[in-house]
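This report concerns the contacts between chains in a multi-chain model. The sequence and the structure are shown first.

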There are 4 protein chains.
Amino acid sequence: MSQVRIVHARYGKADVRLVKVSRAGDTHTLHDVNVAITLEGDFAAAYTEGDNRQLLATDTMRNTVYAFAREHPLDSIEAFGAHLARHFIATGPTVRVAEVRLTEYPWQRITVAGQPHPHAFTRAAGERVATVRGDLAGIVTTAGVDDLLVLKTTASGWEDFYRDDYTTLADTNDRIFATAISATWAYCAQADLDYNPLWIGVRDQILATFSDHYSPSVQNTLYRMGRAVLEHFPVIERIHFTLPNKHHLLFNLEPFGQTNANEIFQVTSEPYGLIEGTVERSDLQ
Amino acid sequence: MSQVRIVHARYGKADVRLVKVSRAGDTHTLHDVNVAITLEGDFAAAYTEGDNRQLLATDTMRNTVYAFAREHPLDSIEAFGAHLARHFIATGPTVRVAEVRLTEYPWQRITVAGQPHPHAFTRAAGERVATVRGDLAGIVTTAGVDDLLVLKTTASGWEDFYRDDYTTLADTNDRIFATAISATWAYCAQADLDYNPLWIGVRDQILATFSDHYSPSVQNTLYRMGRAVLEHFPVIERIHFTLPNKHHLLFNLEPFGQTNANEIFQVTSEPYGLIEGTVERSDLQ
Amino acid sequence: MSQVRIVHARYGKADVRLVKVSRAGDTHTLHDVNVAITLEGDFAAAYTEGDNRQLLATDTMRNTVYAFAREHPLDSIEAFGAHLARHFIATGPTVRVAEVRLTEYPWQRITVAGQPHPHAFTRAAGERVATVRGDLAGIVTTAGVDDLLVLKTTASGWEDFYRDDYTTLADTNDRIFATAISATWAYCAQADLDYNPLWIGVRDQILATFSDHYSPSVQNTLYRMGRAVLEHFPVIERIHFTLPNKHHLLFNLEPFGQTNANEIFQVTSEPYGLIEGTVERSDLQ
Amino acid sequence: MSQVRIVHARYGKADVRLVKVSRAGDTHTLHDVNVAITLEGDFAAAYTEGDNRQLLATDTMRNTVYAFAREHPLDSIEAFGAHLARHFIATGPTVRVAEVRLTEYPWQRITVAGQPHPHAFTRAAGERVATVRGDLAGIVTTAGVDDLLVLKTTASGWEDFYRDDYTTLADTNDRIFATAISATWAYCAQADLDYNPLWIGVRDQILATFSDHYSPSVQNTLYRMGRAVLEHFPVIERIHFTLPNKHHLLFNLEPFGQTNANEIFQVTSEPYGLIEGTVERSDLQ
C-alpha cells in the first residue's frame, strides 16, 4: 500500500465579526472589523490519528479575538493583529506560524447642522485590510486597501499591442479606465510604525497617481502607482496590486442615426481583464 | 376541461448598465446608472397564442435606454426615467403601464493636492434610486435611497415589550442601533421638480433624525424619520422605509474575568429583524 | 403643522436558519429550512409613541420557530408554517395577519456501494418554498420552486415581434432558452393537503411542459406551464411565474474563418429579460 | 531616488462564459464552462515603459476561447484547457507560463415520462473545476470539485482538544458535520488520461469516505478522504482540501421546558472554522 503524508496543514477561524465602541465622555469612537486567523504548526497527529490534544479549538480563537479587543486598543488593525499573532504563537501549543487577516469597514460621523455627531455614523466606501504573519523569527505586517473603486473618463488608452490571428480589438487612445483597486504593501521595519497616517498617505498617493498621467495600459498604471508609493514611503518594501479591468464599451448608436463621441457606455461585468503585479525595491534580497 | 386565463402579465429588461460621460471643456461629469423597465398592457395573444406581434423585444428596450441617454441629460434619474416611461407608453404598442426603475451609483471626484480632479473619480457609498411609473393618466415619481448604512452606538433601547412563553430577551436601554436604510418617497406634484436638491435634502433629514433622539424601537425611529421628511418637504406625499435590524450582540466576556460595559460586540447577519412602514399625510385620499 | 399617520406597518424576523434531524433507529431524516415571519396588526402606539407593550420581540419569534420545530414535524414546510401562522395570530397580541415564508434546501442521501446512506447527505439543486398567510378568516397556503435552472438547446425562437425605430434584433427560430424558474402556486382548499406529493407533481409537470413544445417566446411557455399545472392539479387555483431570460448569444466566429451553427454561445448575465405572469382559473371570483 | 522593479507580473481574462452545444442527430449534449486565463512572461516593458508590443490583449484571449471551443471538443475541461495552455505558450509572444482555470457547471437531462429528454436540461448541484498550467517544461493538470455541500447528522465529534484560558467550548461526541468540499488533485502523468471517469471516481470516493467513519475532527476526515483517493487512484500525486466548518449549534430549548437530543439546530454562517491540508504520496520529491 502506498504511503501518504499530510502537508500544508493549517486551520483557523474566519469571519469573526467584531465591533468595539470606545467612549471618551460623550464622544464615541467605533471600530468595525472582520478577523480571520490561520495557524500552522505540528498538527500531524490530529490529521492522521484523530488526536486533538495539540489543537486549539477554532471557537477558542474566536473568544480570544473578543477578549483581546477588550484589553487592547483597536486604533490600528495592524497593531491589534500583532497582539493576536504573538499570542497564538505563544499559546499554540505547537504553532509555528500565526496569520491574522483583518478587514476594517470604515464609518464616518454623520454631520448634523454642520457638526460631526458624537455617536451616529454612516458607512463609507472601501475597505482597509491588514495581514499580520508571525513566526518564531518575528512579525511581518502588510497593510492594504480593498474594493477601492476608481474610474477615469479619459487619459487612458490601449494601442500598439500584439496582434495574432484571434485579435479583433481596435486601438484606442481614449477609453474609460475603471477598476476596483486591491493593493497590499509590506512594511520593512519590524518596529512599531504609526500605521494610521501611513495608510491614509499610501491610499492618497495611489489615488493621486491613478489620476496624474495618460495611461497606456492597466499594467503601466499599476507600475506607476507602485513606484510612487515606494518613492514616497521608505518604510514600505514592496506593494502588490490586483486590478480587474471593468470594461466600459462604447454602445453602438449608429442604427439610430446617432454619434457617440465617447459619451454613452455599456458597462459589462463579464468577462473582465485581470492585471496583477508587485513593485519592489531593487535592493531587496 | 377547466378554463384558465393569464393575468398580471408583464415583462421587461433589467440590469441595463449605462454610464454617460459629459464633457464641458476639460471637466467631465459622470453618471453611472442601472435601469430596469417593465411594461404592462394587452399581451394576452403573446402569452396564450404565441403571437408576438404586439410585443416589443426587451432588446429594443435596452437599445432605447442608450439612445435616450444620448438625447437627454442624465442630471436627474427621475427626469430621465420620465422620458423613458412616456416613450414606452406611446410606442408600446399596447402598453398601458410603463415602470422604469433606476439606481444611480454615486461617484465623487478624487481630490489631488486639495483640488477636485476634472476626470478622475472614486465610488462613494450608498445608492440613489427612483421609480417612474407612467400610465395614460400621467406619471408618478418616487425617489429613494438604498443601502444607506447607519449605526448609532448609544441612544437606542428596547424595553417594556410584550412577553409570552417564548420570550427570553432582556430589556435594554442602551444598545447599538444599526441598519441599512432603504427608503422611497412619492412626490405629489406631477410638475417637474428640482429633484437633485430635494434628494440631498431628504437624505440629510433622514440622517439628522436618525441621530437626534433616544430610540425606543426601530419602529419609532422609522416613524420619526418619516414624519420629519413630510414636515420639511411639502412636495412629498408619503415615504416608505424598510429597516433591517443589524443585530450587534454584547459578547459574554465573563468566562475570561472581563467586564463588558457596552464596548465589545459580536455582529451577526442572521437572523435579523425587519421593520417596515409607510408614513403619509393624513389628508391624502 | 401637517398631520401624518403610519400605514403598512409590519415587522418580523428573517433568515431564521433551522435544521431538524429526526432519528428513526439508525436512519436519520434531515430538514434544512430558512424561516421568515412578518406580522401585521395594531402597532400604531409603537410606531408613533414608542410604546412597545403590544409588540412581540423579533427575538421571541425566532425562539418560537425553534420551539415549534421541537413539537411539530417538519415533513412539509406548508404544514409547519401553518402551525406558526396560527400561533402568531393567537398570541399577537394585536396581530391581524401573520405571514410565514419558508425556504427548504433539499438534501439527498449519499449513495455508497449502491445503497443510500442512513445519515450522510449531499445538497441537491434548487429550492422549495412556501408562504402561509393567516388572518382571522383562515389560512392561505402557497407553495413554490425557486432557482430551478432549466435550459433547452433548441425548440425555442423569437420571431415576428413588434419593431420600432430602436429595434435591431433579428428574428430567430432556433435559440437557447435558459431561465431560473421561480413559481408559486396557491392551493384552493383550506383543508390539509398531502403537500409533498403535490409539490413533486407540480415541479415535474413544469419541467415536462418546459420540454414538450416549440417555444415562440418565454411568455408563451410561461402560459403553457401554468395551464398544464392547473389542468392536472384541481386543488391549485392559480400559479405565478417569474422567468428571467438568461441570454445565450451566438458568438461571432467569422473573423476567425469559422462557422457557428448554433454551437458556440457567450453567456451574458446583464442585461436580462424578465417575464412575469399569473395563470388562474377563469371561474375564480 | 530609490530603484524599483516589477515582479510577479501576470495578467489575463476571467469569467469567460462559454456554452457549447453538440448535436448528434436529435440528441444534444451541453457543456457550460467558465474559463479564466493568466499569462506570465516578459512583460516588463509594458509595465515600466507603457510599451504594449509584447502584450496579447485580454480581448484576444476571450476570442481564442470561443474559437478553440469551435475546433476542439469540450468533453473534458482538462483536455480543453490543455489546448488553450499550449496555444498561449506558443503564441505569447513572450509567455513563459499560461494557466487556464476552468469551472464546469453540471446539467442533467430532464426526465419526462421516464425518459431522458434529448435537448432539455436542469442544472445539478456542485461544480467541476480544473487548472491546466503550462510552461516550457510541459503541462501540469489538476482537477477538482467545488461547492460540494455535504452533511452528516451523526458520527462526528470534537473531544480532548487543547484548552487554554480562552476556551469555553465543551466536548461532544455527537454533532452535525457540514461542509462545502473544495478539493483539487494533481495528476502525475503528463500523458492524456481518461479524465471523466477519473473525476467521477474521485468524487464518489470523497463522498464514500466522508460517510464511512466516526469523525473526531474535520482535520482527520480531511486526511482520510485524501488518503483514500491516493490509495484508489495511482495517477494522482496529491490532493488538497479546503473545508469550511459550517457550524450547526444545538438550540437551547430549556427556557421553554423542552429537551433537545441533537434534534433542533441553529445554522450559523459566521464565524466559521476553516480547515486545510494536502495529502500527498510520501515518495514524491
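The model is predicted: local features need pLDDT of at least 70, side-chain atom pairs count only at pLDDT 80 or more, and totals for chains, interfaces and linings use all residues. Residues are numbered from 1 along each chain as its sequence is written, chains are lettered from A and ligands numbered from 1 in the order in which they are written, and side-chain values use heavy atoms, with hydrogens and water left out.

**Overview**

Contact means heavy atoms within 4.5 Å. Buried area is the accessible area (1.4 Å probe) that two parts lose on being put together, summed over both.

| Interface | Residues in contact | Buried area | Share from carbon and sulfur |
|---|---|---|---|
| A and D | 74 of chain A, 74 of chain D | about 6400 Å² | 54% |
| D and B | 11 of chain D, 11 of chain B | about 690 Å² | 57% |

**Chain A with chain D**

Chain A buries 12% of its area against chain D through A:Arg5, A:Tyr162 and A:Tyr166, more than through any other three residues. The interface holds four salt bridges, each a side-chain nitrogen of Lys or Arg within 4 Å of a carboxyl oxygen of Asp or Glu. One salt bridge joins A:Arg10 to D:Glu276, with the closest N and O atoms 3.2 Å apart.

On the side of chain A that touches chain D, the largest share, 14 residues, comes from S1(A). Helices (H or I, at least four residues) and strands (E, at least two) are DSSP runs, numbered from the N terminus. S12(A) pairs with strand S1 (residues 4-24) of chain D in the antiparallel sense over nine bridges; two strands pair if DSSP finds at least two bridges between them. Within this pairing, D:Val7 is the bridge partner of A:Thr278.

**Chain D with chain B**

In chain D, the residues that lose the most area to chain B are D:Tyr166, D:Phe256 and D:Glu270, together 51% of what that side buries. Zero salt bridges are found across this interface, while two residue pairs are in polar contact.

Methods
A polar contact is a pair of N or O atoms within 3.5 Å; within protein, one must be able to donate a hydrogen and the other to accept it, and residues adjacent in sequence count only if both atoms are side-chain atoms.
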